[in-house]
Amino acid sequence: TRTALIDGSGVGSVLGSVTIQRYRPNSFGYVYLSSPLNAATVNEFSDDVNLNSSFPSFYRYVENRTSSGWVSYTAASGILASMVGYAGNLGTSMSPVTLDMTGTVNNGTITAPTLTNNNQPIPKVLIW
């Protein structure tokens, strides 16, 4: 019923495949995400977000767009880049849900992409 994190304050590394979970008290509407995994794909959310919906249900935030930076990103093979914002529509259920991703955790220094927002509002992204 809670969300945990990997404490990155030490000098060790997390090796091998891990499953990361994020608890939500309901599965209504959009959730904002970023990937802590190396080379994870959009398919990690296919059990939580309807990627085949007639209306786009998963987006990535593209910093250098001069209009809204949210772009539909529903290809299951699409890479979830580190330090990039994503939004997924979980639907209309008020039931609790636990989002999960499995893969190799990013270790070491992660270089942020070039950030430009062309004077647009900055989105709030929760990193887990």
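Is W70 buried, partly exposed or exposed? W70 is partly exposed, with a relative accessible area of 26%; here buried means under 20% relative accessible area, exposed over 50% and partly exposed in between (1.4 Å probe, protein chains only).

## Basis of the model

This is a predicted model, in which local features need pLDDT of at least 70, side-chain atom pairs count only at pLDDT 80 or more, and totals for chains, interfaces and linings use all residues. Residues are numbered from 1 along each chain as its sequence is written, and side-chain values use heavy atoms, with hydrogens and water left out.

## Overall architecture

The protein has seven strands and zero helices. Strands are DSSP runs (E, at least two residues) and helices are runs of H or I (at least four residues), numbered from the N terminus. Of the 128 residues, 30% are buried.

## Aromatic pairs

The whole structure contains six aromatic pairs. Rings of Phe, Tyr and Trp (its six-membered ring) pair if their centres lie within 6.5 Å; planes under 30 degrees apart count as stacked, over 60 as edge-to-face and the rest as tilted.

One of these pairs joins Y32 and W70: the ring centres are 5.9 Å apart and the planes lie at 45 degrees, so the pair is tilted. Because Y32 lies in strand β2 (residues 27–33) and W70 in strand β5 (residues 70–72), the pair ties together parts 38 residues apart in sequence. Y32 is partly exposed, at 35% relative accessibility.

F58 and Y86 have ring centres 6.0 Å apart and planes at 15 degrees, so this pair is stacked. F58 is buried at 0% relative accessible area, and Y86 is buried at 2%.
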